[in-house]
Amino acid sequence: MTTSKILDNTAISAFINEIRSIEMIKICRKEYILVTTDYVQRETSERFSQETIDINYKNINVFRKTGDKKYDQALDYLVNRYPYLHEGELSAFLLALLDYEMTGSPYFFITDDRKMREKISEIVSSEAFLKIIGEDIHGYHFSGTIGLIKRLCQKGCLSENDVKLIVSDIKNSTFHISDRLIGELSGCSK
């Protein structure tokens with residue numbers, strides 16, 4: 001069964017804006033099912049031209065979850081509880097949780113938002129949140145853009161030259177990454 005990668009806007013923006021030498025969304029789409037929400041698509045649309053959106057989103061499945069009572073209640077709770085997190089990250093987080101984690105479908109939630117990543121364990125263990133979704137959560141899989149790139153590299157989807165181009169793009173961008181992660185990324189294709 002193919003693993004789905006549920007993307008938030010930070011990952012999509014990094015693939016479109018920061019990593020320009022490699023068509024990362026197309027490469028990811030060859031290996032994974034790419035999924036996001038309509039909230040994330042709206043966030044992306046605010047930053048990029050319609051042409052860029054059309055080109056990149058043809059490789060990403062966009063789900064509109066509003067109207068699903070559990071989803072709406074959970075999103076409303078999270079937006080009010082964590083007002084400093086974007087609706088896009090929260091909606092993608094919920095999509096991964098409700099449609100993948102709780103159904104046993106293979107997935108990873110991909111986000112580079114530090115605050116979101118720091119809050120995941122708090123959210124999935126919150127009694128108030130668990131009451132809304134009606135189930136205990138036994139796991140939650142998430143990573144960042146670099147983790148996804150490293151995995152693609154390990155699977156042989158990226159050449160050593162591709163990785164060099166990605167590292168160069170990242171170093172010449174506003175993407176925040178530690179020297180340690182740059183080193184890990186640089187060494188993953190060897």
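The second largest pocket in this predicted model has a volume of about 190 Å³, where a pocket is an open set of points on a 1 Å grid over the protein atoms alone, at which a 1.4 Å probe fits, with protein on both sides within 12 Å along at least five of seven lines. It is lined by 14 residues, among which F15, I16, I22, E23 and N56 lie nearest its centre, a lining residue being one that has an atom within 4 Å of a point. The model is predicted, so local features need pLDDT of at least 70 and side-chain atom pairs count only at pLDDT 80 or more, while totals for chains, interfaces and linings use all residues. Residues are numbered from 1 along each chain as its sequence is written, and side-chain values use heavy atoms, with hydrogens and water left out.

- The elements that give two or more residues to the lining of the second largest pocket are α1, α2 (24–31) and α4 (50–57), where helices (H or I, at least four residues) and strands (E, at least two) are DSSP runs numbered from the N terminus.
- The lining of the second largest pocket divides into eight nonpolar, three polar and three charged residues; here Ala, Val, Leu, Ile, Met, Phe, Trp, Tyr, Cys and Pro count as nonpolar, Asp, Glu, Lys and Arg as charged, and the others, Gly among them, as polar.
- The largest pocket has a volume of about 620 Å³, a volume being the space filled by probe spheres set on the grid points, which are joined across faces, edges and corners.
- Of the 23 residues that line the largest pocket, T10, D112, D113, F175 and H176 are the closest to its centre.
- Helices α1 (9–18), α3 (38–47), α7 (114–125) and α9 (145–154) each supply at least two residues of the lining of the largest pocket, and the largest share, five residues, comes from α1.
- By class, the lining of the largest pocket holds five nonpolar, ten polar and eight charged residues.

**Salt bridges**

- A search of the whole structure finds ten salt bridges, each being a side-chain nitrogen of Lys or Arg within 4 Å of a carboxyl oxygen of Asp or Glu.
- R42 forms a salt bridge with D38, and the closest N and O atoms are 3.3 Å apart; both residues lie in helix α3, four residues apart, which is about one turn of the helix.
- D38 is buried, with a relative accessible area of 10%, whereas R42 counts as partly exposed at 44%; buried means under 20% relative accessible area, exposed over 50%, and partly exposed in between, for a 1.4 Å probe and protein chains only.
- The side chains of E184 and K150 meet in a salt bridge of 2.4 Å, N to O, and this pair links distant parts of the chain, with E184 in helix α11 (residues 179–187) and K150 in helix α9, 34 residues apart.
- E184, which is partly exposed with a relative accessible area of 29%, also meets the side chain of R180 in a salt bridge of 2.4 Å, N to O.
- Because R180 and E184 are four residues apart in helix α11, they are separated by about one helical turn, and R180 is exposed, with a relative accessible area of 56%.
- Salt bridges that share partners join D38, R42 and R64 into one network.

**Selected residues**

- K5 has its place in strand β1 (residues 4–7), and K5 is buried yet has no salt bridge, the nearest side chain of opposite charge, E31, being 9.2 Å away; Lys and Arg count as positive and Asp and Glu as negative, while His and the chain ends are not counted.
- Leaving aside its neighbours within four places in sequence, K5 is in contact with Y32, I33, L34, V35, F108, I110 and L148, contact meaning heavy atoms within 4.5 Å.
- E89 lies in helix α6 (residues 87–99) and is buried, with a relative accessible area of 2%.
- Apart from its neighbours within four places in sequence, E89 is in contact with D8, T10, E43, F109, T111, D113 and M116.
- E89 and S126 are 37 residues apart in sequence and 18 Å apart in space, C-alpha to C-alpha.
- Q154 is in helix α9 and counts as exposed at 54% relative accessibility, and its C-alpha atom is separated by 6.7 Å from that of C188, 34 residues apart along the chain.
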